[in-house]
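I opened my notebook to go through this one slowly. Here is what I looked up, entry by entry.

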Amino acid sequence: MNNLPNENRSIYLDASATTPLSNEVLDTMINVYRTGWGNPSSIHKHGTIAAEILENSRWSIAKSLGADPSNIIFTSGATESINIGLLGLTELEKPARIVVSSVEHEAVINTALTLRKKGWEIAFWPVDRKGLINLEYIDELLSPPTRVVSIISAQNEIGTIQPINIISNECLNRNVIFHTDSTQYLSQALLNLEELAQLAVSASAHKLQGPKGTGILIIKDDLRKQMRPIIDGGSQEFGIRPGTEAVAQVAGMAKAISILYSNRNKPLNRLNKVHQLTMNLKTKLEEIPGLRFTGDPTNRLKNHISMLVGTNDGIPVSGRQVVRELAAHGLSASSGSACSSGKNQRSRILKAINTPPEWQYSGLRFSLGPWLEQEDINIVPDILNKAIIRVAERDEN
Ligand code: PLP
C-alpha cells in the first residue's frame with residue numbers, strides 16, 4: 001500500500017477518519033520548512049518569502065474551489081473553522097434560532113450547544129431513513145426567528161450528501177446565514193463554490209492526504225466584516241483568526257487540494273479509481289446476508305460504504321467489536337466517526353435515521369482511498385464475514 005510504513009501492513013479502510021500524507025504534499029512541506037520558515041508577518045526577506053508561500057497557497061486553493069482568495073481564512077482544521085464561523089458570526093447578533101441537521105458532526109452540535117448557553121434556541125432539522133434532510137420543513141425552519149443554518153455537506157458516518165445548493169440558495173434569499181461543514185465533501189473534490197451560493201464553509205486538510213492541524217474557513221467578504229474573532233491576538237487572517245500562520249501546513253494543504261482538483265475530470269484519476277474499488281467492494285459485501293447498508297445509496301460519498309453488522313439470521317452484533325476483530329486481522333475500519341468510535345455507545349447518527357435501537361451499536365464504515373489496490377479489497381469480505389461470526393459466537397457464550 002502506497003505511503004504507509006511497512007510495519008503497518010494493514011489494509012487501511014478509514015479514509016473518513018484521516019488519510020496518509022501524499023508524497024508530493026510531504027515534499028512540499030519539507031521544502032517550506034527548509035526555505036520558507038520565516039514569520040509571514042515580518043517585513044524582511046524571510047518574512048516576505050513565507051508571506052508569498054502563504055498567499056500563493058490561498059490563491060491556489062481559491063482557484064481549485066472557485067472561490068475568491070480574500071474569502072479564505074486558514075485555521076487549525078474543521079473544528080476550529082466551525083467554531084470561528086458559528087460563534088464569530090453570531091457574536092454581534094441578538095440571540096435568535098440556529099437550525100442544524102440531526103446528523104451533524106460533534107463540532108457543529110457542540111458549538112450550537114454553546115450558542116444555546118448564550119440564549120440561542122436550537123432547532124434540529126429532521127432527516128429521513130437515508131439521512132437526507134426533509135425539504136418539506138424549508139419554510140418552517142428558515143422563517144424567523146431562524147438566523148443561522150448549518151447543514152453538513154456529506155455525512156461522515158453514513159456518507160449521505162445533502163442538497164446544500166438548495167438550502168444555501170433559500171438561506172440567501174431569506175437573509176439567513178448558511179454554514180456548511182464540507183470536511184468529507186471536499187475530500188471527494190465535490191466542493192465547487194461557483195455552483196454554491198455559499199456563505200460559510202468549513203473543512204480540514206487531513207481527509208484529503210494533506211497534513212493534520214490545518215483547515216479552511218471560507219466566508220464571503222461582506223459577511224466576514226460582520227464577524228468577531230473568538231480568540232484575541234494579532235491581525236493575521238483578516239483579524240478573524242489571530243496567531244502566526246502554519247505556513248508549511250498551509251502549503252501542504254494547498255498542494256493536496258490542487259492534486260485532488262487538478263485531474264478530477266480526467267477519466268483515469270485517483271477519485272475514479274477509488275470509486276471503482278468502492279463499487280467492487282460493495283458488490284462483494286452485498287453477498288453477505290447479515291449486512292444492511294445505511295445512508296443514501298445514490299447521493300453518497302463515492303469512497304464510502306456504511307452498514308449495520310449482524311449475523312446471517314438477523315441478530316445485530318457490536319460494530320465496535322467487529323472493528324477490533326478486523327484490526328486483529330490487519331484491517332483498519334471504523335464503527336462510527338473517529339471522534340466517537342472509542343466510546344461504547346449507541347450511534348447518534350443511526351438513531352437520527354430511525355435505526356431500531358438494538359441495531360444502533362452495529363454501525364460499520366469502510367472508507368477508501370487511492371493507496372488501495374484491488375488485491376487489498378479482494379480479501380475484505382472474507383475477513384469481515386469471519387469477524388462477525390467470531391463476535392457473534394463470543395456474544396453467545
Ligand atoms: N466535520 C466532519 C464531517 C468530520 O468528519 C470531521 C473529522 O472527523 C470534522 C468535522 C472535524 O475535523 P478536524 O478533527 O480536522 O477538526
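How do the residues of the lining of the second largest cavity divide into nonpolar, polar and charged? I got four nonpolar, five polar and two charged. My classes were these: Ala, Val, Leu, Ile, Met, Phe, Trp, Tyr, Cys and Pro count as nonpolar, Asp, Glu, Lys and Arg as charged, and the others, Gly among them, as polar.

**Ground rules**

I am working with a predicted model, where local features need pLDDT of at least 70, side-chain atom pairs count only at pLDDT 80 or more, and totals for chains, interfaces and linings use all residues. Residues are numbered from 1 along each chain as its sequence is written, and side-chain values use heavy atoms, with hydrogens and water left out.

**Entry: cavities**

I searched the whole structure and found two cavities of 30 Å³ or more. A cavity here is a set of points on a 1 Å grid over the protein atoms alone where a 1.4 Å probe fits but cannot get out, and lining residues have an atom within 4 Å of a point. Grid points are joined across faces, edges and corners, and the volume is the space filled by probe spheres set on the points.

The largest cavity holds about 220 Å³ of space. I noted 20 lining residues, with S187, L208, Q209, L260 and P370 the closest to its centre. By class, this lining has eleven nonpolar, seven polar and two charged residues.

**Entry: the three-stranded sheet**

I then followed β10 and β12 into their sheet. It is an open one, ordered β9-β10-β12, with antiparallel pairing. Strands pair if DSSP finds at least two bridges between them; strands (E, at least two residues) and helices (H or I, at least four) are DSSP runs, numbered from the N terminus.

Why is one side of β9 and of β12 left without a neighbour in the sheet? Both β9 (291–293) and β12 (363–367) stand at the edges, each with a single partner strand, so one side of each has no neighbour there. From one strand to the next, the twist averages 35°.

Three bridges join β9 to β10 (residues 304–309), and R292 has L308 as its bridge partner in β10.

Helix α10 (residues 270–285) packs on the sheet, touching β9, β10 and β12, at about 20° to the direction of β10. Helix α14 (residues 380–396) lies across β9, β10 and β12 too, running at about 165° to β12. Contact means heavy atoms within 4.5 Å; axes are lines fitted to C-alpha atoms, for helices over the stretch in contact, and angles run from 0 to 180 degrees between N-to-C directions.

**Entry: L301**

I found L301 in the loop between β9 and β10. Is L301 buried or exposed? At 1% relative accessibility it counts as buried (under 20% relative accessible area; exposed is over 50%, partly exposed in between; 1.4 Å probe, protein chains only). Leaving out residues up to four places away in sequence, L301 touches several residues, among them A154, Q155, Y185 and L190.

**Entry: strand β3**

Five of the five residues of β3 (residues 97–101) are buried, so the strand is largely enclosed by the rest of the structure. I checked both faces: R97, V99 and S101 lie on one side, I98 and V100 on the other. Five bridges join β3 to β4 (residues 121–125), and the two run parallel. R97 has E121 as its bridge partner in β4.

Terms used: On a 1 Å grid over the protein atoms alone, a cavity is a set of points where a 1.4 Å probe fits but cannot get out, and a pocket is an open set with protein on both sides within 12 Å along at least five of seven lines; lining residues have an atom within 4 Å of a point.
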